[in-house]
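Thank you all for coming.

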Amino acid sequence: MSSAITVFVVSPDTRSERRFDLHITVQQLKNKLELITGIPVPNQAIAVHDTEEDQTPVALLEDDSRPIGFYGVRDRQVLRVTDMNPATSFTGQLTDVSQVEKFELSDGAYAQRQDTVLAYKQRHKIGRFSDKPEEPAVTPHVDIPLGARCEVETSEANFHKRGTVRFVGPTKFTRGGVWVGIEYDEPIGKNDGSVQGERYFTCKPNYGVFVRPDRVTVGDFPVEEINFDEDEEM
């Protein structure tokens with residue numbers, strides 16, 4: 001009858017299925033386990049468990065001179081090998097990060113390196129470095145028809161800035177919003193329908209002006225001669 005059994009050897013860094021003779025001593029077992037687990041013989045503490053999930057061992061192999069059969073080790077049980085002094089063992093040094101000298105790099109120095117994840121993301125436009133499509137500008141609806149007669153709000157009493165609507169829409173001379181281009185009845189404007197080289201409508205010089213829609217009132221405003229003075233417009 002065979003005296004060999006199959007057990008599972010478990011350590012912090014390994015797990016394997018092994019076959020041992022029940023007649024070998026604990027000392028001889030430890031010599032074999034050092035080759036399997038990397039834990040030095042003097043550091044080994046061996047506990048026997050029925051399964052890997054069991055937290056309480058059924059036996060502790062504490063006497064190096066005893067055969068492992070003395071402890072009643074059975075087939076398919078688990079030998080859990082613990083490193084009692086990981087600081088002195090090779091495997092412990094691999095897993096003990098407290099012994100690793102840390103290399104620290106400032107944010108500025110890290111940003112200058114070309115071999116980092118940050119540099120890779122920048123080169124390939126990944127994540128926050130990706131090209132984000134520009135959101136189309138939303139132009140609000142303004143109920144001011146082209147060709148309508150209108151009057152522009154002014155702070156001076158009895159001073160009516162009247163003219164004809166020639167343009168309604170967004171412009172390039174400012175970002176966002178709608179502007180109303182007006183051809184005044186008199187030369188009280190600022191331009192000829194163009195601003196910064198971009199033409200929006202055509203009129204005589206100083207007859208054109210651009211104002212915000214809330215300053216414009218559309219209605220049946222007849223042409224009238226006025227004594228004008230400049231107001232704040234673009």
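This is a predicted model: local features need pLDDT of at least 70, side-chain atom pairs count only at pLDDT 80 or more; totals for chains, interfaces and linings use all residues.

The chain has 234 residues, and 37% of them are buried. It holds four helices and twelve strands, and it exposes about 15,300 Å² of surface, of which carbon and sulfur atoms supply 50%. If we take the contacts in the chain with a separation of 6 or more, then 51% of them are between residues 24 or more positions apart.

Let me turn to the sheet. In what order do the five strands of the open sheet lie? The order is E2-E1-E5-E3-E4, and the pairing is mixed. Strand E2, residues 15-21, and strand E4, residues 59-60, stand at the edges with a single partner strand each, so that one side of each is left without a neighbour in the sheet.

Two of the pairings can be followed in some detail. Strand E1, residues 4-10, runs antiparallel to E2 and is joined to it by seven bridges, and the two form a hairpin with four residues between them. Within this pair, Val-9 stands opposite Ser-16 in E2. The other example is strand E3, residues 44-49, which runs antiparallel to strand E5, residues 78-83, with six bridges between them; Gln-44 is found opposite Asp-83 in E5.

Now to the interior. In soluble globular proteins, nonpolar side chains tend to be buried together. In this model the largest nonpolar core has 18 residues, and the members that touch the most others are Phe-20, Leu-29, Leu-33, Leu-61, Ile-68, Val-73 and Leu-79. The elements that give two or more residues to this core are E1, helix H1 (26-37), E3 and E5, and the largest share, four residues, comes from H1.

Next, the charged pairs. How many salt bridges does the model contain? The count comes to ten, and I would like to describe three of them.

In one, Glu-151 pairs with Arg-162, and the closest N and O atoms are 2.7 Å apart. Glu-151 belongs to strand E6, residues 149-152, and Arg-162 to strand E7, residues 161-169, so this pair ties together parts that are eleven residues apart in sequence. Are these two residues buried or exposed? Glu-151 is buried, with a relative accessible area of 19%, and Arg-162 also counts as buried, at 11%.

Another salt bridge joins Arg-166 to Glu-183, with the closest N and O atoms 2.8 Å apart. This pair links distant parts of the chain, 17 residues apart, since Arg-166 is in strand E7 and Glu-183 is in strand E8, residues 179-184. Arg-166 counts as partly exposed, at 37% relative accessibility.

In the remaining example, Glu-198 pairs with Lys-172, the closest N and O atoms being 3.7 Å apart. Glu-198 lies in strand E10, residues 198-199, whereas Lys-172 is in the loop between E7 and E8, and so the pair ties together parts that are 26 residues apart in sequence. Glu-198 is partly exposed, with a relative accessible area of 29%, while Lys-172 is exposed, at 66%.

What about cysteines? A search of the whole structure finds zero disulfides. Cys-150 counts as buried at 0% relative accessibility, and Cys-203 counts as buried at 11%.

I will end with two residues in loops. Arg-76 has a positive phi of about 70° although it is not a glycine; it lies in the loop between E4 and E5 and is partly exposed, at 42% relative accessibility. Asn-206, which is not a glycine either, has a positive phi of about 70°. Asn-206 is placed in the loop between E10 and strand E11 (208-211), and it is partly exposed, with a relative accessible area of 42%.

How values were computed. Residues are numbered from 1 along each chain as its sequence is written. Side-chain values use heavy atoms; hydrogens and water are left out. Two strands pair if DSSP finds at least two bridges between them. A salt bridge is a side-chain nitrogen of Lys or Arg within 4 Å of a carboxyl oxygen of Asp or Glu. Buried means under 20% relative accessible area, exposed over 50%, partly exposed in between (1.4 Å probe, protein chains only). A disulfide is a pair of cysteine sulfur atoms within 2.5 Å. Contact means heavy atoms within 4.5 Å. Accessible areas come from the Shrake-Rupley method with a 1.4 Å probe; for residues, only the protein chains shown count as cover. A nonpolar core is a set of buried Ala, Val, Leu, Ile, Met, Phe, Trp, Tyr and Cys residues joined through side-chain atoms within 4.5 Å.
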